[in-house]
Protein chains: 2
Amino acid sequence: MLTNRQLLILQLTVKDFIDSAQPVGSRQLSKKPEAPFSSATIRNDMADLEDMGYLEKTHTSSGRVPSEKGYRFFVDHLLQPQTLALEDSLQLRTLFQDQVGESEELIRNSATILSELTNYTTILLGPDTSMHAVKKFSIVPLDQQRAVAIIVTDNGHVENRIFDVPPGFTASEIEKTVNILNERLIGTSLVQLQQKLLQEAKYVFEQHIHQAEQLFSSLQQAIAVEPEERLYFGGKLNMWKQPEFHDFQKMKSFFELIEKGNPAMDLFQKNGQGIQVRIGSENKVINMEDYSVITSTYSAGENMEGSIAIIGPKRMDYARVITLLDTLSHDLSTALHRLTFGQETDRRQDK
Amino acid sequence: MLTNRQLLILQLTVKDFIDSAQPVGSRQLSKKPEAPFSSATIRNDMADLEDMGYLEKTHTSSGRVPSEKGYRFFVDHLLQPQTLALEDSLQLRTLFQDQVGESEELIRNSATILSELTNYTTILLGPDTSMHAVKKFSIVPLDQQRAVAIIVTDNGHVENRIFDVPPGFTASEIEKTVNILNERLIGTSLVQLQQKLLQEAKYVFEQHIHQAEQLFSSLQQAIAVEPEERLYFGGKLNMWKQPEFHDFQKMKSFFELIEKGNPAMDLFQKNGQGIQVRIGSENKVINMEDYSVITSTYSAGENMEGSIAIIGPKRMDYARVITLLDTLSHDLSTALHRLTFGQETDRRQDK
DNA sequence: TATTAGCACTCGGAGTTAATGAGTGCTAAC
DNA sequence: GTTAGCACTCATTAACTCCGAGTGCTAATA
């Protein structure tokens, strides 16, 4: 069990190391007014904390550095609740004020602003749009062979794809096609679209349209909504600013880590609700031992969640980032709701 | 006037420095079979080349390094025409084979592959889409207050924007609006759209539609096609791989340079046709003294040009990059034409 | 008994020095 | 005109010293 003084010393050590990136020594700590003990006393407590695994030394006569266990304890028990700095909250406010109508823009800007405020790297996972329902189909012929298929979803998102039209297909047949699609498939969610097209519309096509087969395969391609790119990055280069990464190899491996999107996705795994902190090797992703990740989720409507991850050194400013992330993910949810459902209406009225 | 041997020595010096990034000395050069002269002879010629400003020394007893004038002379007179390496041309081929229907995708991939092949940074300026003509307008209401405006252009590009609908606006009025737009503005290029909307459609609206003013201002906003982001990057991090940039400050200033898009645009200035090489301070952009830029243009249809820039150290492999860039910009033009005008038809038939 | 002062010891980092080697210019011989 | 030879320069590297901030341990103190 830790004595009160040991708790204090652990807390001060972690804080100091977060600020300075330098191993902290007993004499240094004893100078602080918060720790009115002699260096020897602190030395003894530090030795105990080291025995218990909360602190480490980089070499025999160096100061102490928090271990992962130390950081974890700090985050779980020693974090002092913080209110958002005035400056930060002003910055955030501009983000949501300047915004007009594009939710993707809003998400992208969130990633940028978070990385600017924290000086860490942000990865934002956009909401899964595949749950949205189709509001309208449209087909615009371009020339003899090609046309654009357009799908508008109920949140105002527009998907479009160029596809090949069977030779000799007439304008009236295109009109018929669009009508069939609109009669049969409105309200279908994007994920289900392929399947429903087959179930509900195929036989109708076969009855009413020439060259139904060719058209149908083209349509299927056009309608296949790609599991689209949903990752937004902010401050990819920020890890530079951390002194422990002023090093060629370290930076290189960091970029390799985040450039290949897959591991980036892994960062979001096993998301419980709320804010999660994963320190160093607590991240199950390979080569993440040197980083901490703080994740949060936000909502962009029913059944549509996105996640935000902030990646920094293990020595990251947990208190500040947590506060910031909490505020932002909340504000972002609100803003996205407003964008999706309109300023004054509410989804329930809409139904 | 340069003697033949001096030409040879200049050429070998530049080549060697491009490969090794190390100042090249006389003894080193004399070992090469291409230069069967004694080190003293080479030393004398090098001294002359230095007097004439083609070579420089980093310090009194170092080997020689090409000056900007030296690189310029090398590029203008000593470059040996090269055929594309088999490996490179295979890589390029896959780029154009795998491609399906998206021209933006194709452009993005071009940037990536160029940066992979060269290990330099690529900036690709997409074609200016504002010359395209409107093929069709469409408006899809989302709820009481908002609707999506959709503009399809003749190349199959789809612009869309959410806008506010005046309160109490009915479905039939929206239909009328769309009809007016389609009657009056089809064929207008995107740049002219705002203006024509005012000239040709405003009075029609005022005659036929309730609340024309409110609708009109919403529409104007919705229709304003942003001078959209047309820059695609490849290998932003590649400058790392160049030994002369294994340095915190250098890399930082490089990123600052390319991150703020404006200077990046400047790189493309005063584009003559064909391939252009700008070495070090020949770039009129500030802080570009340490880089060389090779640019090329490609065409994506009538009046629609894009540019490609490859940024590397002054020590870049000019011969290879020029060949590669030449091939790619040509292939890219062809591929884009095919995408835009269809595989077998030609624009002339279309008219 | 818990804290503090004092002391010997450790180790990384900064600064100095010396050796090395690849380079140069110049002169004289070929 | 070309080359061999020589004296000189200078960046790089390794070895060495010095210094300071740190530690653990022991004995004195509150």
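**DNA contacts, chain interface and sheets**

The largest contribution to the surface near DNA strand C comes from helix 3 of chain B, which gives 4 residues; a residue is counted as near if its C-beta atom, placed from the backbone, lies within 6 Å of the strand. Helices (H or I, at least four residues) and strands (E, at least two) are DSSP runs numbered from the N terminus. The model is predicted, so that local features need pLDDT of at least 70 and side-chain atom pairs count only at pLDDT 80 or more, whereas totals for chains, interfaces and linings use all residues. Residues are numbered from 1 along each chain as its sequence is written, with chains lettered from A and ligands numbered from 1 in the order in which they are written.

Helix 3 (39-51) of chain A, helix 2 (26-31) of chain B and helix 3 (39-51) of chain B each supply at least two residues of the surface near DNA strand C. The surface comprises 5 nonpolar, 12 polar and 3 charged residues; Ala, Val, Leu, Ile, Met, Phe, Trp, Tyr, Cys and Pro count as nonpolar, Asp, Glu, Lys and Arg as charged, and the others, Gly among them, as polar.

The contact between the chains takes 28 residues from chain A and 27 residues from chain B, two residues being in contact if their C-beta atoms, placed from the backbone, lie within 7 Å. On the side of chain A that touches chain B, at least two residues each are supplied by strand 4 (134-141), strand 5 (146-153), strand 6 (158-164) and helix 10 (248-259) of chain A. This side has 11 nonpolar, 10 polar and 7 charged residues.

In chain A, 5 strands form an open antiparallel sheet in the order 7-3-10-9-8, where pairing requires at least two DSSP bridges between two strands. Strand 7 (231-234) and strand 8 (276-279) of chain A each have a single partner strand, so one side of each is left without a neighbour in the sheet. Strand 8 of chain A pairs with strand 9 (residues 291-299) of chain A over 4 bridges in the antiparallel sense, and Val277(A) has Ile294(A) as its bridge partner.

In chain B, an open antiparallel sheet of 5 strands has the order 7-3-10-9-8. Strand 3 (residues 121-125) and strand 7 of chain B pair in the antiparallel sense over 4 bridges, with Ile123(B) opposite Phe233(B).
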